[in-house]
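Please examine the sequence and the model displayed below.

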Amino acid sequence: MAENGKRPSALMMWLGLADNAFTRQKTVKFGDASAVNSGRFYSIAVVVVLFTLWTLSSIFGWVEPFFWPPLDGTVERAAKLINEGFRNVALWEHVWISVYRVISGVLLGALVGIPLGFAMGLSSIARGLFDPIVEFMRPIPPLALIPLIILWFGIDETAKIFLLFLASLFIMTIAARSGVSSVKISKVHAAYSLGASRIQILRHVILPNTLPEIFTGIRTAMGVCWGTVVAAELVAADRGVGSMIMIAKNFLQTDTVVIGILIIGAIGYAIEMVMRWLERLLVPWKGKG
Amino acid sequence: MDGIHIDNVSMTFTLPGAADIHALKDVSLEIGAGEIVTVLGPSGCGKTTLLNIIAGFLSPTRGAVRLNGHEVRGPDAERGMVFQQGALFEWLNVERNIAFGPNMAGRPRAETRAKVENLLNLVGLAGFGEKPVYQLSGGMQQRVALARCLANDPDVILMDEPLGALDALTREKMQGLILKLWQETGKTILLITHSVEEALFLGSRLIVMAPRPGRIEKDYRLPFAERGLTQDPREVKSSTDYVERREEILSMIWSMEEEIMAGGTGE
Ligand SMILES: Nc1ncnc2c1ncn2[C@@H]1O[C@H](COP(=O)(O)OP(=O)(O)OP(=O)(O)O)[C@@H](O)[C@H]1O
Ligand SMILES: [Mg+2]
């Protein structure tokens with residue numbers, strides 16, 4: 001039986017090279033999603049292999065620096081960017097301005113979108129008024145709006161934040177609306193029978209019920225806006241990570257371009273992780289209704 | 001306190017492109033204050049519809065429900081509800097679920113806290129006040145639902161298959177709890193169930209409804225709920241008169257079900 005086999009070490013399990021005790025006793029694993037472990041060993045291996053390849057190609061000069069920068073040069077460039085900044089603007093400032101734009105855009109979008117979504121979920125008039133606009137705007141990629149927004153606002157800060165506001169507005173509206181529509185009628189009925197007024201139902205039943213979906217909306221909006229801000233900065237900006245890699249490209253600084261891309265990936269990943277952590281903290285009842 | 005007066009209530013659902021559904025036709029029923037009444041009947045005979053009308057969530061096509069000297073026109077704290085499941089507020093812990101009614105009414109905190117403490121003891125959940133409701137078992141959740149309803153001190157408690165989602169053993173325990181609550185609070189209780197056993201054991205009165213159109217077929221007065229307060233439930237449920245009644249009602253419901261099968265879908 002299973003007990004006869006040697007018990008794998010904790011390290012092997014952490015690395016995903018051995019299954020946990022429960023999975024080891026499953027006889028049918030193919031098709032059972034919970035029997036697929038983290039495979040952490042292979043993740044580590046992939047990263048190590050990629051870096052080794054990069055190192056080797058730097059040493060032996062396999063790739064033209066114009067297409068892909070050597071590792072040592074990139075590290076040097078990164079140190080220089082951190083110490084001296086890029087084009088008289090500190091590196092952290094380039095990163096912060098992009099993050100700041102995303103946060104402002106998402107907050108403004110939430111500020112307008114959540115009440116709008118509530119109205120659409122609760123009133124036929126509001127639904128009728130806004131449904132055509134929301135449904136029409138939804139499939140338009142925010143980037144397609146850049147030319148129009150440049151015509152309206154030029155390329156200053158307002159333009160970028162307005163673009164991100166639009167990008168998150170419809171996501172937030174739809175999230176709030178679907179949250180309101182998914183409120184179980186038995187909860188609303190229970191609250192009325194407990195003597196709650198309409199405003200109390202809104203505040204104490206509908207609002208908490210929509211929070212998980214609103215949170216998912218904010219998470220999605222953050223992700224979309226992060227992608228959009230970088231793209232918008234590629235088109236028109238003098239600061240921000242997107243503008244940094246675009247300007248670096250014009251000067252054929254491939255290493256700065258690569259560093260910029262790594263930063264974009266890392267920040268996007270970090271935003272997602274922070275949002276997931278906040279979600280567990282703030283709406284622990286998600287999916288438990 | 002006053003009973004429930006159901007006066008010639010009819011309910012017709014009119015759906016576009018389909019025949020009207022006569023969910024209830026001329027239902028009249030007087031329920032005295034402090035009675036515990038169970039309602040039984042085949043699926044689709046209008047039990048939930050009747051309860052929703054009494055609760056005030058639906059207004060009947062004809063007729064009216066009266067209580068405490070006024071006509072029912074909407075939901076009100078005088079009529080508490082206990083649903084089958086999923087009506088607890090999962091974002092609140094047990095204590096705050098139970099305190100929901102008093103909190104909405106703006107009752108003083110100290111008073112509410114004492115009341116919640118009492119109710120937790122009454123339904124056997126002492127010490128669980130801080131738990132999130134989604135960490136409780138189905139039976140415990142229904143205890144919370146009962147306590148939440150009682151915290152509001154309604155005149156009438158309406159329950160739609162409150163024990164329907166529970167396993168047989170938990171169900172028996174909860175039946176005992178409902179009888180105990182009935183005895184200790186003296187509330188008027190109307191309880192819908194699919195279980196003949198449960199309807200017989202819990203109802204000092206048992207209403208059997210028939211479908212198409214939904215109507216009251218039989219109205220029994222029964223001694224078993226009173227007996228259940230003092231005797232062992234097992235004994236009550238194995239006594240000869242209980243068994244006889246059970247068989248009688250079971251065959252009545254069976255013949256209704258067979259009629260439905262034979263009658264197809266038409267009304
Ligand atoms: N909102 C509605 N719209 C249309 N028809 C409805 C509606 N609610 C109920 N009905 C119909 O009214 C009839 C009675 O339904 P009701 O839910 O009251 O039955 P029930 O006795 O509670 O059944 P069950 O035991 O399955 O819960 C059924 O034929 C049902 O299809
Ligand atoms: Mg029903």
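A pocket is here an open set of points on a 1 Å grid over the protein atoms alone, with protein on both sides within 12 Å along at least five of seven lines, and its lining residues have an atom within 4 Å of a point. The model under discussion is a predicted one. Its largest pocket has a volume of about 470 Å³. The lining of this pocket comprises 18 residues, and those nearest the centre are Leu92(B), Arg96(B), Ala99(B), Asn103(B) and Arg109(B). Helix α10 of chain A and, from chain B, helices α2 (94-98), α3 (100-104) and α4 (109-122) each contribute at least two lining residues. The largest share, five residues, is supplied by α10(A).

On the α9(A) side the contact involves Lys187(A), Val188(A), Ala191(A) and Tyr192(A), while α10(A) provides Arg198(A), Ile201(A), Val205(A) and Asn209(A). Five of these contact residues are nonpolar, one is polar and two are charged.

Chain B, finally, may be considered by domain. Its domain assignment places residues 1-78, 155-227 and 244-261 in domain 1, and residues 88-153 in domain 2. The C-alpha centres of the two domains of chain B are 26 Å apart. Between them, 16 residues of domain 1 are in contact with eleven residues of domain 2.

Methods:
Residues are numbered from 1 along each chain as its sequence is written. Chains are lettered from A and ligands numbered from 1 in the order in which they are written. This is a predicted model: local features need pLDDT of at least 70, side-chain atom pairs count only at pLDDT 80 or more; totals for chains, interfaces and linings use all residues. Side-chain values use heavy atoms; hydrogens and water are left out. Contact means heavy atoms within 4.5 Å. Helices (H or I, at least four residues) and strands (E, at least two) are DSSP runs, numbered from the N terminus. Ala, Val, Leu, Ile, Met, Phe, Trp, Tyr, Cys and Pro count as nonpolar, Asp, Glu, Lys and Arg as charged, and the others, Gly among them, as polar. On a 1 Å grid over the protein atoms alone, a cavity is a set of points where a 1.4 Å probe fits but cannot get out, and a pocket is an open set with protein on both sides within 12 Å along at least five of seven lines; lining residues have an atom within 4 Å of a point. Grid points are joined across faces, edges and corners, and a volume is the space filled by probe spheres set on the points. Domain bounds come from an automatic or database domain assignment.
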